[in-house]
Amino acid sequence: MRIGEIAALVGLTTRAIRHYHHVGLLPEPERLSNGYRAYGVRDAILLARVRRLSELGLSLDEVRDVLADDAGRDLAEVLEELDADLARQEADIQERRRRLSALIAEPPGATGPVSSALAVLLAQAPSTDSPSAAKDRDYLTLLDATSTGQEMFALLGRLVADPGIVELYERLDALAEAPSDDPRIAPLAADLAAAVPDELIAAIPEDGAVVTGLKEALLAEYAPAQAEVISRLMDAFTQRDRG
């Protein structure tokens with residue numbers, strides 16, 4: 001049989017068969033005097049098996065393992081491994097669809113897809129229209145992407161459950177137009193520091209370069225008087241952690 005004939009027989013393209021030759025999956029058959037490849041029944045059987053294994057989802061390397069005479073793995077072993085891999089992919093797709101469904105259900109302007117730990121924390125937070133509280137929610141989504149996020153969220157549960165947290169946010173909002181020497185700054189910074197549990201402060205990473213860079217970026221998000229409150233709050237955290 002010529003290449004076109006065997007391709008039609010096994011349901012493959014001539015291009016696919018030539019590729020199998022190129023990657024060493026299918027040995028080159030003898031050529032006739034006119035230069036055409038001459039395929040036999042054994043070649044057709046091999047190609048049919050390659051097609052069947054490929055349709056099951058095996059890569060060409062896995063197909064080669066199955067077809068190898070001695071060194072290759074048993075077909076059942078390869079198929080079991082493929083089935084396990086497909087199960088993992090299926091579970092991943094289901095989780096992604098769950099998160100996508102939650103994102104679709106969120107109201108306009110919502111934070112977006114978050115981890116289950118952060119979702120629980122946000123659900124515990126009191127309802128408020130405070131701009132400062134909205135900033136904190138945005139910062140939590142950043143923390144959600146770090147390795148320390150899950151531990152921090154568990155500790156933050158105690159803080160967000162405090163009924164006085166909304167009033168502290170409102171006091172911070174009230175400083176939006178105030179100068180950086182406003183007399184309300186020091187008392188608010190002290191009250192905010194007192195509201196944060198020691199365990200939460202101890203969980204803050206000690207990498208100075210990261211903390212310094214984050215502090216500068218964070219302070220730039222606030223008005224001058226608000227930034228002074230946040231700066232004093234961070235300094236208070238550092239002192240308590242060292243103590």
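1. Arginine 64 and aspartate 61 are separated by about one helical turn, because they lie 3 residues apart in helix α4 (residues 60-67). In this predicted model, their side chains meet in a salt bridge, with an N to O distance of 2.9 Å. Aspartate 61 is exposed, since its relative accessible area is 52%, whereas arginine 64, at 29%, counts as partly exposed.

2. A search of the whole structure finds 7 salt bridges. One of them joins arginine 171 to aspartate 191, whose closest N and O atoms are 2.8 Å apart. This pair links distant parts of the chain: arginine 171 belongs to helix α9 and aspartate 191 to helix α10 (residues 185-195), 20 residues apart. Arginine 171 is partly exposed at 25% relative accessibility, and aspartate 191 is partly exposed at 36%.

3. Aspartate 182 and arginine 184 also form a salt bridge through their side chains (2.9 Å, N to O). Aspartate 182 counts as buried because its relative accessibility is 13%, while arginine 184 is partly exposed at 42%. Elsewhere, salt bridges that share partners connect Glu167, Arg171 and Asp191 in one network.

4. Aspartate 173, in helix α9 (residues 165-173), deserves a separate comment.

Technical notes
Residues numbered from 1 in each chain as written. Predicted model: local features only at pLDDT ≥ 70, side-chain atom pairs only at ≥ 80, totals over all residues. Heavy atoms only, no water. Helix = DSSP H or I, 4+ residues; strand = E, 2+ residues; numbered from the N terminus. Salt bridge = Lys/Arg side-chain N within 4 Å of Asp/Glu carboxyl O. Buried < 20%, exposed > 50% of the residue type's maximum accessible area, 1.4 Å probe, protein only.
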